[in-house]
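I opened this model to look up its ring contacts and then one packing of helices. My entries follow in the order in which I checked them.

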Amino acid sequence: ATIAAGRLGADKFLPEVFTMLKENADADPILRHAGSMAIDGMCKSKDALELAAAHESKAVRLATVMVMRRRGDESVVRFIKDASPTVADEAIRAVHDLYFESARPAVAALLDTRQSRSWTPFMLRRLIYSAYRQGGEINAARLVAVALDDKVPEEVHTEALRLLGLWTKPYPVDQFTGHWAPLPERSVNEVRASLNQALPALIKKDSATLLTALGLVDLYQLDTSVLTVEALAQLAENSSLSGPARAKALEMLLVRKPTNTLALLNRYVEDKKDEVAMVAIAELAKQNPERGFEELR
């Protein structure tokens, strides 16, 4: 009946549709869909849709967001801060997943107030991807802030740092939606300042974050003054870190050519972590091929 009223454009039944949606309270997705289709059919003008958009019931507002998404209406961005997280999330999905570019800056800006509500990891990923696609120094700083935020799930930390690694030469396929959506190359200056400022905190994080951060040091030629020989030696020695993270620290340490290089190599060729041992063996093979091949065997 609801869908029939919508197909007829019988807007005199709009109050009844609102009542049905309110009483359903999103319990039955079939009825929610019917209400959304009815609103779409009855509210052809923006003024008419405003009645639904301003409704007190979050169920009616959610159905309205679905209408706006279906229409490709980028003004759906008005709902991204709705009092109901369910309504807000649906609006964010519309902006991000359908590439509503004029609305994307507002979604990226939600990272500035991310502590004001709870987020699922996938919704947070939509925010960081919007910041990544928008680009610029402000959005690079937002991703760095996410990477440093201890309240953010680890998989979101890792993804924020990974996107920072792709910042200057974005991969042409959107790795969230899987769509072909190339971006132009960007200046390293957009991201370097934020990473330099955050580097002392990043190297104190867990193994995954540390490994990525050390990779960014090489990639963007970051200020390594905080990565002293002593600091790198401590990272390489830290058995609580993963093998790859310790191996990267050892690799960067050996580049500095410390005075005790030979002692370090003799020590780490016997390391329990294969990744660490292989870095030491590779360097040993450069200095003394015969000894290096002996350790490799």
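This is a predicted model: local features need pLDDT of at least 70, side-chain atom pairs count only at pLDDT 80 or more; totals for chains, interfaces and linings use all residues.

Residues are numbered from 1 along each chain as its sequence is written, and side-chain values use heavy atoms, leaving out hydrogens and water.

Next I counted aromatic pairs and got 4, taking rings of Phe, Tyr and Trp (its six-membered ring) with centres within 6.5 Å, where planes under 30 degrees apart are stacked, over 60 edge-to-face and the rest tilted. Tyrosine 129 and phenylalanine 176 pair edge-to-face, 5.6 Å centre to centre with 65 degrees between the planes. Because tyrosine 129 is in helix 8 (residues 121-134) and phenylalanine 176 in the loop between helix 10 (154-165) and helix 11 (189-202), the pair ties together parts 47 residues apart in sequence; helices are DSSP runs (H or I, at least four residues), numbered from the N terminus. Tyrosine 129 is buried at 2% relative accessibility, and phenylalanine 176 is buried at 18%. Tyrosine 132 and tryptophan 167 also form an edge-to-face pair, at 5.8 Å centre to centre and 70 degrees between the planes.

I then noted that ring pairs link Phe122, Tyr129, Tyr132, Trp167 and Phe176 into a cluster.

Last, I checked charges over rings (NZ of Lys or CZ of Arg within 6 Å of the ring centre and within 35 degrees of the ring normal): arginine 186 lies over the face of tyrosine 132, 5.0 Å from the ring centre.

Notes
Helices (H or I, at least four residues) and strands (E, at least two) are DSSP runs, numbered from the N terminus. Buried means under 20% relative accessible area, exposed over 50%, partly exposed in between (1.4 Å probe, protein chains only).
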